[in-house]
Amino acid sequence: MEGTGPHTPRPAAVAAAALALALAATGCAGGADDRDENTVRIAYQKFGTFIAMDSLMQKVKEEFEADNPGVTVELQAIEAPAEDYQTQVNLMNGSAGEAPDLIYQDSFTINQDADAGYLMPLDEYFDAWEDAGLFSPQEAEAVTSLSGERYGVMLGTDVRGLWYNADLLEQAGVETPWEPATWDEVLEAARAVKGEFGDGVAPLNVYSGTPAGEAASLQGFQMLLSGTDDALFDEGSEKWVTGAAGFTESLEFVHTVFDEDLGLDVQDALDTNVGTVNNEERFPSGELAISLEGSWATQSWIPEANRPWDGWEDSMRFTPMPTREGQGEGATSMSGGWALSMGAHATDPELAWEVMTYALSRENAVKFAIEGGQIPVRSDVAEDPAFLENAPLAEEFAALVDITGFRPAYSEYPRVSIAVQEAMEAVMLGEATPEEAAELYAQEVEGLVGPDNVTGGS
Amino acid sequence: MGTVSQTRAPGPPGGAPQDPPRTRSSRRARGGAARWVIPMAPALFLMLAFFAGPILWTVWASFTNEALTGAQAANTEFVGLDNFERLVQDTRFRAAAVLTVLFLLGSILGQTVLGLALALLLRNRHAAVRGAVGAVVVGAWVVPEVVAGFVWYAFLEREGTLNALLGAFGSEGQNWLFTAPLLAVVLANVWKGTAFSMMTYGAGLSEVPQDLEEAARVDGASGRQVLWYVVLPLLRRTLATTLLLITLQTVQVFTLIYVMTAGGPGSRSTTLPLLMYREALDLGDLGYGTAIALALLVVAGLFSIVYVRMLSKEEPA
């Protein structure tokens, strides 16, 4: 009887109390309630040659905080390749307390993240914005989800084509300005460079394999595929295309490049930093002749770059990538681009939107377009004298805007893209013939999107 | 408690005295439990929340289509055994399982042979020698995995130290991480893990009675025979425990491989932890990734069973 007296501690009660204490102690670590309403957290990527966003964000932070006392702009620069960057941002998005208010985001992941409920629709804010009319229709398309809502505002777009070192091509006996009309002419020039320089110069870079990530898929594979009669996705039937002739033809091109040693060493091509090394080292030192690359390559050479290349304009030229047999328009391009989007859990959407429009202002957009080697999506920026003066190739790029293609804006695309990279890697390592790799890709995609959502090619 | 027993003490003698001692002892037991539970509760809670919690979550997630992003992240559904069906049919999973077993066997063999050899050689040596060798070997073990990965990367890559050394002998260099990725990561893991084996075997050897060995020598056994018939049988328990620990450590090696080869080229050094990372974080398929994690647990479990058998077989002898 005495045992139940008030002075005797009961183990169960004690344990419960201790648990409650521990819960209280650990429980207060998370939770969105702790977020300061006057802090706007921005997550963005800073990696390799890409420092333009960091430069822009530092400027925005400094100026916005000066104009708005009491407001803090918290910068979270994530130093990682694009794929790891997205993974990290998604992990942050998974918890309301950690989620960024503003996200620098590759436009092709917008649908996926909108589906996940990570992003906030911006139509209301955007429509009321006085600058809204300056943005191009292509911009709207790239950041609008399939359900018709706008989930971001683009900072800039890009095109892709062949960058070449005119000095090297001339020495190899290729006539410049070089204007290849078919894939074979591209390969011929590469063979000429190889014949002239042997192992000293890598003739032709085509991004390939999983370490290069989306660059392999977009700069590499889709720049080839868009020059055939096929596509990754059939807009008519709204199905993913497998078993198409163009898919195998594109892989054959990759096979030829690596089989004939016209590309980088396979081990160099399978380096995560291949893009940085190409543009910061191989091109300036004359070790690379031709590269299928984005229009933003200039960001590695301009005075604001990590390692400026004085006089790059004397050697480097840009020419459109031809279609396979010169069919269609004769040339092709693919476009992407990054946007700013707002997290679904933004603490103060009004304030976040203010910061966002500040970053997207004319002045800042000009700066970003120049430093990031971007094609402006704002009409006033495209006409800005400062931009035109500092973007010597603006005209060449603008010419491609009419024929450029976009990635399928579907939620499954990022995973299909990885299947493409794996098919390329199997071919470049000689683990599979182009036909076998195409077959593996077909199986993989069927598993990813379901048998009902695939269709045979032309 | 003291006061309670004092009030009880002057109780009436007779049949009653049997009662108080029982209550007292049970009360003491309860008091003991409380004494044990109170200080343990926070630790216990942390263990449950941060250790058991994630494990249970892993098991649950492997039966769902949980994803990092996309519609499945917003509406996660229970998919039953779908992930495991996919696992069985996945050629990449099979390849990764084979590589994991090869990586395990290579690492275990290397670490055991080297660790045992070092422990035997260091036996009865001067303390200074033991200290010097120990410091070098344990140094490798103390180094963080990321650093060890970079050290080996720098050693084996195309312009690395190994090729510089080989070049001095006129041999042509190659990128060892590219031409022999699995061998490269096994070597690095053995280098890093040998210290652990050496220390446990060293401890085990110090328990082996010297007189037994001397008796065997007097009977005319050679050094090798003494090792094989006297020392090793006495070391079997240590051996099994160490093997078990090494296996559990090795099966989850991720950082070292990720830093050195990232699972490549292709998937030629993609072991199960790397495949798991790839599926769960690169591809965002958390459900499938956790299913692979459970498969990894099975691999480790199978090896553990073998060792436990080894241990129990020893008992009757």
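Biologist: What separation lies between the centres of domain 1 of chain A and domain 2 of chain A?

Modeller: 27 Å, taken over C-alpha atoms. This is a predicted model, where local features need pLDDT of at least 70 and side-chain atom pairs count only at pLDDT 80 or more, while totals for chains, interfaces and linings use all residues. Residues are numbered from 1 along each chain as its sequence is written, and chains are lettered from A and ligands numbered from 1 in the order in which they are written.

Biologist: Where do the bounds of domain 1 and domain 2 of chain A come from?

Modeller: From a domain assignment, automatic or taken from a database. For chain A it gives 37-158 + 336-406 as domain 1 and 160-332 + 408-456 as domain 2.

Biologist: How many residues of each domain of chain A take part in the contact?

Modeller: Domain 1 of chain A puts in 27 residues and domain 2 of chain A 33; two residues are in contact if their C-beta atoms, placed from the backbone, lie within 7 Å. On the domain 1 side, α3 (82-93), α4 (110-115) and α18 (394-401) of chain A each supply at least two residues. Helices here are DSSP runs of H or I with at least four residues, strands are E runs of at least two, and both are numbered from the N terminus.

Biologist: Why are β7 and β16 of chain A called edge strands?

Modeller: The open sheet has the order β7-β8-β16 (chain A), with mixed pairing. Strands pair if DSSP finds at least two bridges between them. β7 (233-234) and β16 (454-456) of chain A each have a single partner strand, so one side of each has no neighbour in the sheet.

Biologist: What makes β8 and β16 of chain A a pair?

Modeller: Three bridges join β8 (residues 239-242) of chain A to β16(A), and the two run parallel.
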